[in-house]
Each structure stands twice: as structure tokens, then as C-alpha cells.
Amino acid sequence: MQNRHLHEENRKSWNAATRAHNSHKKDQAAFLRGGGSTLFPEEIELLGSIEGLRLVHLQCNAGQDSLSLAALGAEVTGVDISDEGINFAQKLSIDSGIPAHFVRADVYEWLGGADPESFDIVFCSYGALCWLSDLDVWAQGVADILRPNGRFVCIDFHPFSMVFDEHFEITYPYFAGGEPLTWDDGVGDYVGLAGDALAPSGFIEGKTKYDNPHPVHEFQWGTAETLQALINSGMSIDLTREYPYSNGAKLFEDLIEVEGHRFTRPEGQPNLPLMWGVVARKIEVSG
Ligand SMILES: C[S@@+](CC[C@H](N)C(=O)[O-])C[C@H]1O[C@@H](n2cnc3c(N)ncnc32)[C@H](O)[C@@H]1O
């Protein structure tokens with residue numbers, strides 16, 4: 001696989017970050033056991049009813065959203081490259097009593113080895129697309145594992161919001177042409193910085209000293225590049241949305257927090273697309 005070495009560096013960086021992130025969250029098993037959910041209304045709306053459906057959550061990190069989806073009645077498989085994420089997810093499943101199946105794997109290898117047409121829904125969210133080093137291979141893999149008429153559902157940070165640095169200066173290209181953007185300081189402890197916004201089970205101080213020794217490599221894809229890759233793979237676009245706020249993430253310092261742990265531009269300032277969503281459907285070939 002092309003870019004395997006970059007994915008491996010990302011794995012190490014995510015291991016360190018995931019440990020720090022979970023250190024800030026109060027008893028997550030008790031939260032889920034008590035009926036708590038880490039999902040936001042936007043993905044619930046895009047997904048629709050998932051009861052009884054076979055759903056794979058790609059890049060599921062430590063499994064909190066996967067288990068929240070399983071609690072809605074889906075038969076969930078979670079896939080992530082991070083050892084720390086998957087180990088945590090497996091334990092959280094046992095401790096919360098919510099069954100789900102978790103696999104540690106590079107998404108490209110997992111998609112390449114999964115049974116064709118074995119899922120009703122492929123889902124990914126919030127910081128997933130920027131780790132994909134080859135959109136076309138990924139989209140084809142997603143289409144291959146969906147049953148005919150099965151849906152791909154994604155909600156993520158809007159790629160336009162990624163052109164700004166933390167001070168809201170335009171710093172990064174929108175069109176990156178598949179070139180990686182490397183951060184030598186690795187995946188940050190954005191959960192520690194977000195306080196309650198990313199800790200629905202309750203925020204605790206946790207790990208206060210955090211340095212990530214592992215660099216990371218992200219890939220910026222415009223919305224049209226992602227949509228076109230899905231279309232080229234044999235899917236049709238059912239729905240696409242843009243949102244003027246971001247859930248749980250203060251993407252740059254100019255944003256203010258509003259109801260529902262959403263971050264948006266201050267009153268009176270021009271709005272910007274901060275998240276987007278897409279629902280694509282595998283075309284059923286007749287005959
Ligand atoms: C921001 S997190 C996504 C969080 C997710 N929305 C959730 O439910 O918690 C991004 C995830 O992508 C994973 N990832 C990055 N590159 C990957 C790859 N090549 N294959 C599988 N997972 C990958 C990371 O390990 C990390 O857990």
C-alpha cells in the first residue's frame with residue numbers, strides 16, 4: 001500500500017493522543033450503561049433509523065460513538081488503526097454491556113479484505129477524511145463492501161475551515177493535490193482543551209503534561225474531490241449539507257461556543273462552512 005509509512009506514523013501519534021484524550025473523560029462505561037450517547041443530532045439525522053442494520057464505523061477511535069450507534073440497535077463493527085483506540089473500545093464494550101465488534105487495522109487493508117456487499121451502512125465522522133491518503137482507493141473500498149442500495153454516511157469538519165491556522169489566518173491550501181501536510185508535534189490534546197464539549201460523560205483534569213513525540217501526516221481534500229471519488233466508485237449522492245458551526249471543536253480562536261457544544265463565528269461576523277455531511281447510496285445494477 002502506498003503511504004503505509006505515513007499511516008504507521010499516524011498510528012503512533014494517535015496512540016499517544018488517544019491515551020491523553022481518554023484521561024480527561026469521567027467513567028465512560030457508566031455513562032453509556034446509563035443510556036448516555038456521544039452522538040450529535042446531525043449524524044443521527046443523516047443516518048436515519050439504523051435499527052437492525054449492519055453498520056461499519058470507519059476510523060472509530062476509542063469506540064464511544066460506535067457503542068452509541070450500537071445502542072440505537074445497529075450491529076456495529078468499528079475499525080481503527082490505533083492500538084490504544086481499539087483496546088479501549090473493546091474494554092468499553094465489555095464494561096458498558098453494549099456489544100460491538102472492534103478491529104485494529106489500517107482502513108485501506110481492512111476495506112481490501114472485507115467481504116463484498118456485507119454492510120448496510122458505512123459511517124465515518126469528525127476528523128476522518130483528513131487521514132485518507134488516497135480518496136479513490138478508499139471510495140472504491142467503501143462501495144465494494146456496501147450491499148446494493150446500502151448507504152455511506154459521513155459528517156466531518158468542512159475542508160474550507162482547514163485553510164485557517166488557530167489565529168484565523170489563511171495559512172493552508174484548500175487544493176493540496178494529495179500532498180501530505182506534516183505536523184511535527186503530532187495529534188494534539190484537543191479533548192483537554194475543549195473541556196466539557198468533548199467529554200459528555202464529564203470532564204476531569206487527567207493528563208496535564210502532554211507532548212506527542214510522533215509526527216502526523218494529514219491530507220486535505222476539497223468537498224468536490226470527496227464527492228467525485230464517491231460518484232466514481234458507483235455511488236449516487238442522496239444528500240449533502242453544510243453547517244455554519246462545528247460540533248465539539250473550536251477549530252480556531254475566533255469561534256464562540258453556543259448551545260449544544262457547537263462552535264460558530266461571533267454574532268455579526270460573516271458565517272463560514274465549518275462542517276459538512278454527505279449521504280451516498282450504492283447504485284443497484286439491474287439485470
Ligand atoms: C479524529 S479521530 C475520529 C474520531 C471518531 N469520529 C470517533 O467516533 O471517535 C480519527 C481517527 O482516524 C484514525 N485513523 C487515522 N488514519 C487511519 C488509517 N489509515 N486507518 C484506520 N484508522 C485511521 C485514527 O487512529 C483516529 O482514531
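Predicted model: local features only at pLDDT ≥ 70, side-chain atom pairs only at ≥ 80, totals over all residues.
Helices (H or I, at least four residues) and strands (E, at least two) are DSSP runs, numbered from the N terminus. By this count the protein chain has nine helices and twelve strands.

Residues are numbered from 1 along each chain as its sequence is written, and side-chain values use heavy atoms, with hydrogens and water left out.

Consider the overall form. The C-alpha trace of the protein chain spans about 60 × 45 × 40 Å along its principal axes. The radius of gyration is taken over C-alpha atoms, and the globule rule is 2.2 Å times the number of residues to the power 0.38. For 287 residues a compact globule would have a value near 19 Å, and the 18 Å of the protein chain agrees with this. A residue is called buried under 20% relative accessible area, exposed over 50%, and partly exposed in between (1.4 Å probe, protein chains only). Of the 287 residues, 53% count as buried. Contact means heavy atoms within 4.5 Å. Among contacts between residues at least 6 apart in sequence, 78% join residues at least 24 apart.

Helix 4 (residues 64–71) is mostly covered, since seven of its eight residues are buried. Among them are the residues Q64, D65 and S66. After helix 4 comes G73, whose phi is positive, near 105 degrees. In helix 7 (residues 135–145), the buried residues include L135, W138 and I145. A polar contact is a pair of N or O atoms within 3.5 Å; within protein, one must be able to donate a hydrogen and the other to accept it, and residues adjacent in sequence count only if both atoms are side-chain atoms. At the start of helix 7, a side-chain oxygen of D134 comes to within 3.1 Å of the backbone nitrogen of D136.

Now return to H217. Is this residue buried or exposed? H217 counts as buried because its relative accessibility is 5%. Its side chain makes a polar contact of 2.7 Å with the side chain of E9, and a polar contact of 2.7 Å also joins the side chains of H217 and T182. Leaving out residues up to four places away in sequence, H217 touches residues including L6, W131 and P180.

C60 sits in the loop between strand 1 (54–58) and helix 4. With a relative accessible area of 4%, C60 is buried.

A residue is near a molecule if one of its heavy atoms lies within 4 Å of it. Of the 18 residues around the ligand, N61, D80, I81, V107 and S125 come nearest. By class, this shell has eight nonpolar, seven polar and three charged residues; Ala, Val, Leu, Ile, Met, Phe, Trp, Tyr, Cys and Pro count as nonpolar, Asp, Glu, Lys and Arg as charged, and the others, Gly among them, as polar. A polar side-chain atom of N61 lies 2.9 Å from an oxygen atom of the ligand. A polar backbone atom of S125 is 2.9 Å from a nitrogen atom of the ligand. The protein covers 94% of the 600 Å² of accessible area that the ligand has on its own, by the Shrake-Rupley method with a 1.4 Å probe.
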